[in-house]
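Have the viewer open as you read.

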Amino acid sequence: MVKHTFKYNAHDLNGLFEGTNKLSTFCRKLETQAETDINRYPRDQYVGDGFEFLVELIFKLLPYNRTLGGIYNYTPTQVDDNGVDGIAKNWDGKDCVVQVKYRGDSRYQLTANKDHLSNLVKEATIKYRIPPHDVSKKQVSKYFIITTAKDLHYYTKDEFFLGSVECIGRDTLKKLLDNNKGFWRDCRKIINNLEI
């Protein structure tokens, strides 16, 4: 069911989810584990992969959720990742792409250049042949960024991407996940049944 390779490479996958019922707890444990063996698994790669793993679980366990763009049929893309971390279907049933960005600062706002976000649109249109949605027709976005940061910087969102990228930030994720005991219980069930 879960395809992300983090399931094979995590230092302590069970420890990451055991007793976890909040996004902040998950992030704290992830950052602690990321310091375990930085020569084998560099810190930034570890937290990024760990959050991508959680995002896959979110879309598997909470599909069709309007708050998350209605995303379903999510599959991580881990080979030749140049801006797209997953492909899926959106609320309108259209193909869509997802980029996952882990940031430790919950107040941070992502920007196109510093956070390499322009690669999302380039790879979506060139590699996956997914054009942006028609903003004037109020269609659901086909380009999503899921992040532990606060949001996209207003200039990046409105001027650089012209409203074609939807960002699901930390506050939205917290509302969905914090104390959602059923979600975290099902994460632990999946992890306990992983074929590794």
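## Ground rules

This is a predicted model, with local features needing pLDDT of at least 70, side-chain atom pairs counting only at pLDDT 80 or more, and totals for chains, interfaces and linings using all residues. Residues are numbered from 1 along each chain as its sequence is written, and side-chain values use heavy atoms, leaving out hydrogens and water.

## The α3/α4 pair

Helices here are DSSP runs (H or I, at least four residues), strands likewise (E, at least two), numbered from the N terminus. Helix α3 (residues 23-34) and helix α4 (residues 43-61) have axes that come within 9 Å and cross at roughly 145°; axes are lines fitted to C-alpha atoms, for helices over the stretch in contact, and angles run from 0 to 180 degrees between N-to-C directions.

Contact means heavy atoms within 4.5 Å. On the α3 side you'll find L23, F26, L30, E31, Q33 and A34, meeting R43, Y46, V47, G50, F51 and L54 of α4.

## The sheet

Five strands make an open, mixed sheet, ordered β1-β2-β3-β5-β7; strands pair if DSSP finds at least two bridges between them. At the edges sit β1 (72-76) and β7, each pairing on one side only.

β5 and β7 run parallel, joined by four bridges, and Y143 stands opposite V165 in β7.
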